[in-house]
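These notes are meant to be read beside the coordinates.

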Amino acid sequence: MELTGIIKEKFEKSILSSSVFYDNETIVIRKEDVFDVIKFLKDEQSFDFLMDVTAVDYKGYPDRNDETRFEIVYNLFSYKNNKRLIIKTLVDEKDLTVNSITSLYHSADWHEREVYDMFGIKFINHPNLKRILMYDEFVGHPLRKDYPFKKRQPRINLRDVGKNEEEK
Amino acid sequence: MSLENNITKLEDGRLVLNMGPSHPAMHGIVRIILTVEGERVVNSEVEIGYLHRGFEKTCENSNYNQIIPYTDRLNYVSPFINEVGFVMAVEKMMGVELPERAKYIRVIMSEISRMTDHLTCIAANAMELGAFTPYFYLINARELLYQSGDMASGGRVTPNYFRIGGTSFDLTPDFIEFTKNALKKVDSYLSDTRKLLERNRIFYDRLKDTGKITREDAVSYGFTGPLIRSVGIDYDVRKYSPYLVYDRFDFEIPVADGGDNYARFLVRMEEINQSRKIIEQALLQLPDGPIDVDDYSVRLPQKDEVYGSIEGLISHFKLTFEGPKTPKGEIYFAVEGANGELGYYIVSDGTHKPWRVKVRPPCFPVTGALPRLINGGYIADIVATFGQINMIGGELER
Amino acid sequence: MGLETIFGKSWATSKMEYVINWARKFSFFDYPFVTACCGMEFMSTFASTYDIARFGAEFPRFSPRQADVLFVVGTVNQKLAPVLRMTYEQMVEPKWVLSFGACATSGGFYDNYAVVDGIDKIIPVDVYIPGCPPRPKAVLDALIKLQEHVQREKLIKGK
């Protein structure tokens with residue numbers, strides 16, 4: 001938990017909670033201060049690898065303390081000190097925007113595009129925010145919990161080869 | 001960019017060219033939109049998504065043992081490593097400790113997968129640059145390793161071998177004999193290929209100084225695996241945070257300088273050698289014992305327990321209908337894939353199905369850096385660079 | 001073909017038919033539309049252990065205009081469907097389609113928002129190869145079936 005102590009000295013009000021999950025130190029930061037905290041970690045604590053940016057949709061999760069629906073997870077690694085750190089931030093359904101960290105790490109470009117494509121969370125100051133895995137005519141965001149699993153949206157007219165058993 | 005306008009001529013003589021989704025390289029489907037001036041690439045844009053199969057949404061609708069075949073098809077050239085990563089992440093959440101023989105089996109199969117991945121990458125890359133003979137030599141070598149994996153698990157390309165809490169079948173004595181002979185033959189194929197390619201004038205000229213990247217850019221773009229080891233940083237998850245029994249073996253991490261395609265080629269050739277050494281040591285040290293953990297809430301009990309005792313019957317019923325359960329929480333666990341750090345981020349809600357599974361694919365940030373690697377070079381160098389970054393479609397797009 | 005104008009319906013056309021179909025079936029030029037894991041078994045079939053050159057089909061042509069068999073290898077998803085149809089429409093008659101693997105035949109075990117369940121919803125198919133992925137011997141067996149299918153084809157339609 002030493003990293004929590006180091007961050008707490010500089011950004012006292014930004015930390016919402018911190019814990020250790022299975023050897024990974026996890027810190028929850030307020031949405032507005034995420035860019036500054038990650039910049040501090042990159043410049044002064046030598047966290048030079050951004051391994052992953054992802055999001056989780058907590059709608060329907062049993063017994064959750066928070067009411068915010070989405071959580072964005074940043075996975076940082078320091079090669080010099082061999083340390084891993086997970087930074088999380090909470091995004092509410094009414095305001096689906098977060099600051100982009102593309103100016104700090106180049107790899108955040110595609111990771112944030114994927115979060116936008118799958119969840120619909122917009123990143124401010126992203127150079128090229130458009131869909132990456134799905135096609136442009138697709139309506140909706142597939143990894144949200146309210147998108148039905150088998151709902152297909154075909155791009156071209158498909159041939160008629162007879163109906164399946166359950167469609168008859 | 002619509003599919004109809006495949007070639008557009010701009011005012012200053014530049015051409016917008018489409019290297020379309022289905023192109024003559026056996027790597028998968030990626031669309032690269034190039035802006036060229038003569039033969040030089042001025043700008044490029046990469047479009048992916050043609051193999052997106054909905055892995056992460058499928059994981060939210062299946063139980064943990066049902067996800068293992070889906071993880072096979074992520075990086076389909078090295079399937080055992082994907083399975084090991086997922087199964088170890090779930091076992092760490094459940095607090096399960098494996099017996100020794102199971103750990104050694106996992107190391108042996110992972111290293112076989114690493115060898116098949118590097119062999120396929122070099123074979124396909126050499127073929128596209130015009131060298132047909134190394135393709136046949138290396139695919140023959142890969143065929144022996146596929147037969148070896150087939151003897152252990154029943155499947156060549158998609159084995160579905162590991163389970164939560166252990167392994168499905170044990171290794172036979174035939175497997176150990178066959179693998180020892182196969183490794184000797186693989187070594188001879190590899191030395192033939194080395195004589196053909198390593199100091200070959202044409203191969204060297206095509207790979208040297210193409211696809212070059214500096215050390216700071218490589219770190220900023222999130223490279224891991226053989227690509228970061230070709231710029232001089234020796235990051236390997238097997239040495240920095242050892243898992244299974246890797247700390248008992250004597251092997252080295254090859255590192256090259258230069259950051260271009262030739263350095264990546266050299267790193268991969270040497271890694272095949274190091275993997276062979278690990279397998280030979282593991283086969284010598286392989287202990288006897290059980291291959292599964294002895295806990296009925298995780299692994300199916302033996303048949304005499306199922307029909308003999310009430311606890312065996314209940315646990316068999318529950319495991320078949322629902323599957324093993326994990327406690328509430330989340331975990332990030334990383335293994336060293338053939339392309340780099342393969343990480344699994346699993347969020348669990350306490351039931352037998354995960355709430356969210358995210359795979360950190362090692363080739364995703366590398367493909368994002370592809371414009372940076374090919375801009376300024378010739379069109380012909382795209383083939384060499386694209387082959388050496390070893391983009392696997394199933395892993396890139398899940 | 002202009003044969004029916006020269007010979008009409010006679011013994012000469014049936015001999016010509018036999019020779020032309022014999023030539024076609026032993027010289028396939030295939031277009032490998034490779035997407036996913038089945039590509040690994042495709043590579044193994046084209047290498048020297050399970051040699052497909054014995055059947056005359058070893059030379060892939062990387063342009064649809066020059067190919068006559070379309071090997072659809074691996075999963076086809078919704079984003080790729082128009083590309084597959086355009087590739088098929090570019091091929092010149094006579095052409096055949098081989099659906100390689102469970103994902104191309106019926107969607108495989110992916111039943112979700114992203115995958116097309118079977119390429120016969122996009123293009124007409126001649127031979128289906130089951131397997132996930134099919135072993136190379138199954139691919140050679142399917143190639144022999146395709147050769148038998150080609151041998152039985154009629155040159156003059158409506159006979």
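1. In chain B, 3 strands form an open sheet in the order E7-E8-E9, with antiparallel pairing; two strands pair if DSSP finds at least two bridges between them, and helices (H or I, at least four residues) and strands (E, at least two) are DSSP runs numbered from the N terminus. The edges are strand E7 (329–336) and strand E9 (354–360) of chain B, each of which pairs on one side only, and the twist averages 15 degrees from one strand to the next.

2. The model is predicted, so that local features need pLDDT of at least 70 and side-chain atom pairs count only at pLDDT 80 or more, whereas totals for chains, interfaces and linings use all residues. Residues are numbered from 1 along each chain as its sequence is written, while chains are lettered from A and ligands numbered from 1 in the order in which they are written.

3. Strand E8 (residues 341–348) of chain B runs antiparallel to E9(B) and is joined to it by 6 bridges; Gly343(B) stands opposite Arg360(B) in E9(B). Helix H3 (residues 79–94) of chain B lies across E7 and E8 of chain B, at about 145 degrees to E7(B), where angles run from 0 to 180 degrees between N-to-C directions and axes are lines fitted to C-alpha atoms, for helices over the stretch in contact.

4. Helix H4 (residues 100–128) and helix H11 (residues 261–285) of chain B pack at an angle of about 155 degrees, their axes 9 Å apart. H4(B) is therefore roughly antiparallel to H11(B), a term for angles over 145 degrees. Among the residues making this contact are Tyr104(B) and Met115(B) of H4(B) and Phe265(B) and Ile272(B) of H11(B), and by class the contact has 14 nonpolar, 3 polar and 5 charged residues. Here Ala, Val, Leu, Ile, Met, Phe, Trp, Tyr, Cys and Pro count as nonpolar, Asp, Glu, Lys and Arg as charged, and the others, Gly among them, as polar.

5. Chain C has 6 helices and 4 strands, which follow the pattern α-α-β-α-β-α-β-α-β-α along the sequence. Of its 159 residues, 47% count as buried (20 or more other C-beta atoms within 10 Å of the residue's own, with C-beta atoms placed from the backbone).

6. At the interface, 29 residues of chain C are in contact with 26 residues of chain B, contact requiring C-beta atoms, placed from the backbone, to lie within 7 Å. H3(C) gives the most to the side of chain C that touches chain B, with 5 residues, and that side divides into 18 nonpolar, 9 polar and 2 charged residues.

Conventions
Contact = placed C-beta atoms within 7 Å. Parallel < 35°, antiparallel > 145°, perpendicular 65-115°, else oblique. Buried ≥ 20, exposed ≤ 12 C-beta atoms within 10 Å, placed from the backbone.
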